[in-house]
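Visitor: I would like to learn how to read the features of a protein model, one after another. Could you take me through an example?

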Amino acid sequence: MTIVWLGGTEQGVIERLEDGGRAAVVVTEAGEVLRFVLMASADYLTVDRSARLRL
């Protein structure tokens with residue numbers, strides 16, 4: 001799966017789903033842990049909206 005940042009992309013792995021699938025904890029290739037939440041647009045975004053998941 002790909003993480004789309006404001007300035008580029010990075011690969012990552014979903015470590016776990018939380019809140020009945022409405023949140024995803026992702027570990028990037030660089031080892032950073034990010035939490036994405038499911039938005040009304042049906043996209044997973046970080047809370048600050050700086051990154052989204054492309055599945």
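Visitor: Let me begin with secondary structure: how many helices and how many strands does the protein chain have?

Guide: Bear in mind throughout that this is a predicted model. The protein chain has zero helices and six strands, and read from the N terminus its elements follow the order β-β-β-β-β-β. The radius of gyration is 10 Å, close to the 10 Å that the globule rule gives for 55 residues, so the protein chain is as compact as a globular protein of that length.

Visitor: What box do the C-alpha atoms fill along the principal axes, and what share of the residues is buried?

Guide: Along those axes the C-alpha atoms of the protein chain occupy a box of roughly 25 × 20 × 20 Å, while buried residues make up 33% of the 55 residues. The accessible surface of the protein chain is about 3500 Å², and carbon and sulfur atoms contribute 52% of that surface.

Visitor: Turning to charge, how far apart are the mean positions of the positive and negative charges, and how many salt bridges does the structure hold?

Guide: The general idea is that side chains of opposite charge can pair when their charged atoms come close. In this protein chain there are 6 positive and 8 negative charges, whose mean positions lie 7 Å apart, and the structure holds four salt bridges.

Visitor: Which residues are linked in a network of salt bridges?

Guide: The network links Glu15, Arg16, Glu18 and Arg35. Within it, the side chains of glutamate 18 and arginine 16 form a salt bridge with an N to O distance of 2.9 Å, and glutamate 18 forms a salt bridge with arginine 35 as well, where the closest N and O atoms are 3.0 Å apart. This second pair links distant parts of the chain, since glutamate 18 lies in strand β2 (residues 8-18) and arginine 35 in strand β4 (residues 33-38), 17 residues apart.

Visitor: How exposed are the residues of those two pairs, given that a relative accessible area under 20% would count as buried and one over 50% as exposed?

Guide: Glutamate 18, with a relative accessible area of 22%, is partly exposed. Arginine 16 is partly exposed at 40%, and arginine 35 is likewise partly exposed, at 42%.

Visitor: What do the side chains of aspartate 19 and arginine 22 form?

Guide: They meet in a salt bridge, with 3.1 Å from N to O. Aspartate 19 has a relative accessible area of 48% and is partly exposed, and arginine 22, at 46%, is partly exposed too.

Technical notes:
Residues are numbered from 1 along each chain as its sequence is written. This is a predicted model: local features need pLDDT of at least 70, side-chain atom pairs count only at pLDDT 80 or more; totals for chains, interfaces and linings use all residues. Side-chain values use heavy atoms; hydrogens and water are left out. Helices (H or I, at least four residues) and strands (E, at least two) are DSSP runs, numbered from the N terminus. The radius of gyration is taken over C-alpha atoms; the globule rule is 2.2 Å times the number of residues to the power 0.38. Buried means under 20% relative accessible area, exposed over 50%, partly exposed in between (1.4 Å probe, protein chains only). Accessible areas come from the Shrake-Rupley method with a 1.4 Å probe; for residues, only the protein chains shown count as cover. Lys and Arg count as positive and Asp and Glu as negative; His and the chain ends are not counted. The place of a charge is taken as NZ of Lys, CZ of Arg, CG of Asp or CD of Glu.
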